[in-house]
Amino acid sequence: MSKKILHIDSNHPLILKEFSLMGYENTENYTDSKEEIEKIISDYEGIILRSRFKIDRSFLEKASKLKFIGRVGAGLENIDCDFAKSKGVVLISAPEGNQTAVGEHALGMLLTLMNKLNLADREIRSGIWKREENRGHEIEGKTVGIIGYGNMGNAFAKRLQGFDCNVIFYDIKPGLENQYAKQVSLEELWIKTDILSLHTPQTSETLNMINFKFINQFKKPFWLVNTARGKSVNTSDLVEALQSKKILGAALDVLEYEKSSFENMFADDVLPPPMQYLMKAENVLLSPHIAGWTIESKEKLARIIVEKVRNIFHLNIPSTIL
Ligand SMILES: O=C(O)[C@H](O)COP(=O)(O)O
């Protein structure tokens with residue numbers, strides 16, 4: 001009898017092809033109804049998903065045959081990982097699959113922000129030709145401070161080689177220093193940073209991390225890049241720091257309030273005031289949570305999930321990473 005996998009999000013087609021070559025029976029169900037998925041999950045050994053649904057305790061209690069969860073992406077905040085592990089369910093994610101995309105996107109946003117390219121482009125299209133006002137800043141000679149030095153932080157630091165800047169990072173885990181960046185204390189990061197880039201997962205420690213108190217620890221005004229998680233930044237405090245020029249500009253791929261929170265996020269009466277400010281501010285660059293979403297990463301993510309399932313369940317090679 002073939003093993004059954006339930007796919008609840010659409011991914012690169014190779015994922016279906018490769019799993020069926022391994023002898024799995026694939027079911028695709030991309031419904032918006034979590035209840036519908038909960039009703040059928042007890043039939044499946046594997047579930048393949050992204051971040052749409054919360055895989056919480058009550059969901060996992062219904063998943064009586066579940067052996068693995070394949071998260072086609074990096075973040076695991078939608079999954080009750082501790083409970084899954086206690087049930088013997090193997091968690092498989094693929095941060096290696098979108099680290100290049102995130103590293104390149106963070107760098108692209110930083111260069112765009114520091115050189116005011118988004119603003120200059122908008123101006124030219126409306127017939128405005130400003131040169132002096134659109135003088136940019138260089139990365140050369142600046143100190144880039146990274147918080148979170150996993151796959152994404154590393155990918156960003158690697159891409160900064162060649163810019164002749166100083167790259168430092170803070171991470172709660174010791175011993176992560178490598179050829180791309182120097183590990184420092186938070187205090188040293190606060191003193192030296194000119195450009196702050198966040199690469200932390202969403203956890204209770206990183207929730208609301210960039211708030212008024214934290215921002216005021218920095219000794220110099222700085223640019224902020226966030227391609228990690230929106231809820232790590234307190235939007236009201238960010239707005240205040242932008243207004244007081246403590247933060248020189250912000251490039252945000254992720255927002256505290258993302259589209260999923262609103263019927264129509266472009267209507268002013270729906271958005272909270274700090275978000276309305278960000279939407280209009282000239283020194284703010286926004287993208288819709290696409291840092292990890294390239295054509296290439298879509299394929300890499302799918303391939304990595306398949307490889308990990310093959311290693312763990314078919315070749316008995318223990319997985320070193322989730
Ligand atoms: O965690 C990730 O990999 C990214 O945030 C993208 O996740 P998504 O594809 O589930 O939106």
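Which side chain meets that of Asp56 in a salt bridge? I looked this one up first, and it is Lys34, at 3.2 Å from N to O. A salt bridge here is a side-chain nitrogen of Lys or Arg within 4 Å of a carboxyl oxygen of Asp or Glu. Asp56 sits in the loop between β3 (46-49) and α3 (57-62) and Lys34 in helix α2 (residues 34-40), so the pair ties together parts 22 residues apart in sequence. The elements are DSSP runs numbered from the N terminus: helices are H or I with at least four residues, strands E with at least two.

A note on the source: this is a predicted model, in which local features need pLDDT of at least 70 and side-chain atom pairs count only at pLDDT 80 or more, while totals for chains, interfaces and linings use all residues. Residues are numbered from 1 along each chain as its sequence is written, and side-chain values use heavy atoms, leaving out hydrogens and water.

Next I checked two pairs within helices. Lys192 bridges to Glu188 at 2.6 Å; both lie in helix α8 (residues 186-192), 4 residues apart. Arg303 bridges to Glu299 at 2.7 Å, and both belong to helix α12 (residues 295-314), about one turn apart. I also found Asp9, Asp32 and Arg52 linked in a network of salt bridges.

Then I turned to the ligand. I noted polar contacts (N or O atoms within 3.5 Å). A ligand oxygen is 3.1 Å from a side-chain N or O atom of Arg71. Backbone N or O atoms of Ala74 and Gly75 lie 2.7 Å and 2.8 Å from a ligand oxygen.

Terms used
Polar contact = N/O pair within 3.5 Å; in protein donor to acceptor, adjacent residues only side chain to side chain.
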